[in-house]
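Okay, let's get going. Have the sequence and the model open side by side. I'll go through core, helix and sheet, in that order.

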Amino acid sequence: MSAPATLDLVVIGAGPAGLGVAIAAARAGLDYEVVEKGAVVDSIYRFPKGMTFFTTSELLEIGNLPFVTPYAKPTREEALQYYRRVADTHRLAVSLGERVESIDPDRDGFAVASAVERPGGEPLARTRRARNVVVATGTYGQPNALGIPGEDLPHVSHYFDEPHAYHRRRVVVVGGSNSAAEAALSLHRAGAIVTLIHRRERLSGSIKYWVKPDVENRIAEGAIAARFESQVVRVGPEGVVIEGPAGREELPADGVFLLTGYRPDTALLERAGVRFDPRTLQPEHDPLTLETNVPGLFVAGAIVSGADGNRVFIENGRFHGAAVVKAILSGAEARA
């Protein structure tokens with residue numbers, strides 16, 4: 001049996017940044033493949049149903065494919081449809097339901113080992129050979145865990161989906177940024193009894209300008225209860241225990257949403273030899289080429305900025321593909 005062919009490029013992650021890399025690679029005539037553990041644009045798929053983007057549709061476009069919407073700001077559902085169309089229009093080589101386990105450098109490039117999910121069976125191991133690898137896994141796949149007892153209970157989630165199931169039920173939302181504010185408002189309007197818990201004395205100034213006064217007014221009028229300078233120390237089957245200025249308090253809860261942000265999964269890159277800033281979790285990389293300290297191993301999209309989620313978005317991460325592919329082509333020419 002012959003050895004598998006060596007690809008020019010393996011892209012890990014099929015979000016907008018990863019798809020942008022694939023489009024640039026295809027246009028350059030590179031042999032590539034995208035490997036994704038979930039669905040195409042899996043992070044957007046995890047966004048709440050009915051969510052509206054902060055930005056306009058043209059700033060989400062990739063591959064010169066127009067994103068047409070009748071609204072000033074596109075919705076989650078429109079974005080999912082758009083990126084499916086991108087993948088199909090450009091006939092991108094994307095393997096779904098496949099989690100990359102390791103990236104092992106050697107003198108000829110990389111061995112990329114993955115596990116392919118199989119319904120009802122054990123995952124199937126697979127290894128690809130590639131001269132270059134781009135990691136575009138974003139940050140949304142790994143929530144910031146609080147590390148408290150009860151965090152893994154079935155009624156606790158780090159992602160908010162939709163509010164209907166919580167009509168007339170008691171819900172605790174933990175966090176003080178966009179995700180928590182929007183979830184609290186959505187739950188309140190669906191008839192839930194909502195308490196918002198935030199460890200700081202006020203909500204984040206980065207909340208969308210049309211959301212911030214809305215949630216602040218609901219708190220001021222008592223429609224949404226709030227506990228500031230407080231933190232959850234334990235989750236039980238019927239409620240949460242918090243500590244704040246008034247001491248320890250127990251709040252009843254039928255549902256708990258721990259919307260405390262997300263962080264990059266550094267383990268895969270660290271095992272491959274990439275160095276990270278221990279404070280920011282930013283991978284060591286060339287800001288022009290996006291190549292890490294490991295030759296031939298690149299980063300793209302939100303993972304470039306580490307834990308600082310306010311530096312790289314779809315709007316600017318979508319251009320990373322052109323920079324990466326340009327660097328790969330320049331390296332190939334230099335070796336020729």
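This is a predicted model. Start at I44. Leaving out residues up to four places away in sequence, I44 touches P16, F53, R76, A79, L80, Y83 and I314.

Now zoom out. The largest nonpolar core has 85 residues, and I44 is one of those that touch the most other members, along with Y83, I103, V133, L187 and L297. Which helix gives the most to this core? Helix 1, residues 16–27, with 7 residues. There is also a second, separate core. That one has 13 residues, including I148, V156, A253 and V256.

Next, helix 3. A quick geometry check first. Helix 3 covers residues 76–89, so at 1.5 Å a residue its 14 residues should span 20 Å. The end C-alpha atoms are 20 Å apart, which agrees. Buried residues in helix 3 include R76, A79, L80 and Y83. What covers the buried residues there? Helix 1, helix 2 (42–45) and helix 7 (314–317) are among the elements that do. After helix 3 comes R91, with a positive phi near 50°.

Last, the sheet. Look at strand 6, residues 121–135. Strand 1, residues 6–12, runs parallel to strand 6, with 6 bridges. There, V10 stands opposite V133. Strand 15, residues 297–299, is also parallel to strand 6, over 3 bridges. V133 stands opposite L297 in that pair. Strand 5, residues 109–118, pairs with strand 6 antiparallel, over 8 bridges. A113 has T127 as its bridge partner. The hairpin of strands 5 and 6 has 2 residues between the strands, and G120 takes a positive phi near 80°.

Notes: Residues are numbered from 1 along each chain as its sequence is written. This is a predicted model: local features need pLDDT of at least 70, side-chain atom pairs count only at pLDDT 80 or more; totals for chains, interfaces and linings use all residues. Side-chain values use heavy atoms; hydrogens and water are left out. A nonpolar core is a set of buried Ala, Val, Leu, Ile, Met, Phe, Trp, Tyr and Cys residues joined through side-chain atoms within 4.5 Å. Buried means under 20% relative accessible area, exposed over 50%, partly exposed in between (1.4 Å probe, protein chains only). Helices (H or I, at least four residues) and strands (E, at least two) are DSSP runs, numbered from the N terminus. Contact means heavy atoms within 4.5 Å. The expected span of a helix is 1.5 Å times one less than its number of residues. Two strands pair if DSSP finds at least two bridges between them.
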